[in-house]
Amino acid sequence: MRPEDLIVTPLDAGDGVVELVELLGPRYALIVRVGGHRLTAVVEAAAVAGWRRPPAPGDSVTIDIRQDHAHLFDEAQRRIA
């Protein structure tokens with residue numbers, strides 16, 4: 001998955017925690033920790049306009065993947081979907 005294919009939504013009891021926020025013009029680059037993994041998400045600023053406030057470190061969020069952009073690989077690193 002690419003960073004722009006992640007959907008980040010604020011949620012008080014989300015499965016991820018924002019660790020870093022960087023405003024890059026019309027986008028936010030977010031580093032989100034989900035379990036033992038760190039994910040990078042790129043979110044359009046317009047997409048967070050409906051949030052109570054801009055994303056900040058410590059925020060609880062949920063992460064989804066745009067299913068039409070997901071790529072799956074087998075153990076030999078061959079693409080299967």
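Predicted model: local features only at pLDDT ≥ 70, side-chain atom pairs only at ≥ 80, totals over all residues.
**Entry 1: Glu19**

I started with Glu19, which is found in strand E2 (residues 16-24). For my own notes: strands (E, at least two residues) and helices (H or I, at least four) are DSSP runs, numbered from the N terminus. Residues are numbered from 1 along each chain as its sequence is written, and side-chain values use heavy atoms, with hydrogens and water left out.

The cut-offs I used are under 20% relative accessible area for buried and over 50% for exposed, with partly exposed in between (1.4 Å probe, protein chains only).

Next I looked up which residues Glu19 is in contact with, leaving aside its neighbours within four places in sequence. I found Ile31, Val32, Arg33, Arg38 and Pro57. Contact here means heavy atoms within 4.5 Å. I also checked Arg53, which is 34 residues from Glu19 in sequence and 16 Å away in space, C-alpha to C-alpha.

**Entry 2: the whole protein**

I then stepped back and found five strands and zero helices. Read from the N terminus, the elements run β-β-β-β-β. The C-alpha atoms fill a box of roughly 40 × 25 × 20 Å, taken along the principal axes. Of the 81 residues, 23% are buried. I also looked at contacts between residues at least 6 apart in sequence, and 53% of these join residues at least 24 apart.

**Entry 3: the sheet**

In which order do the five strands lie in the sheet? I traced an open sheet, E1-E5-E2-E3-E4, with antiparallel pairing. Two strands pair if DSSP finds at least two bridges between them. The edge strands are E1 (6-10) and E4, and each pairs on one side only. On average, neighbouring strands are turned by 40° against each other, direction ignored. The axes for this are lines fitted to C-alpha atoms (for helices over the stretch in contact), and angles run from 0 to 180 degrees between N-to-C directions.

I followed two of the pairings more closely. E1 and E5 (residues 60-65) run antiparallel and are joined by five bridges; Val8 has Ile63 as its bridge partner in E5. E3 (residues 27-34) and E4 (residues 37-44) are also antiparallel, with eight bridges, and Ala29 has Val42 as its partner in E4. E3 and E4 form a hairpin with two residues between them, and Gly35 in the turn has a positive phi of about 60°.

**Entry 4: the largest pocket**

My last stop was the largest pocket, which holds about 180 Å³ of space. A pocket is an open set of points on a 1 Å grid over the protein atoms alone, where a 1.4 Å probe fits, with protein on both sides within 12 Å along at least five of seven lines; lining residues have an atom within 4 Å of a point. Points are joined across faces, edges and corners, and the volume is the space filled by probe spheres set on them. Among the lining residues I noted Val8, Val42 and Trp51. E1 and E4 are the elements that give two or more residues to this lining.
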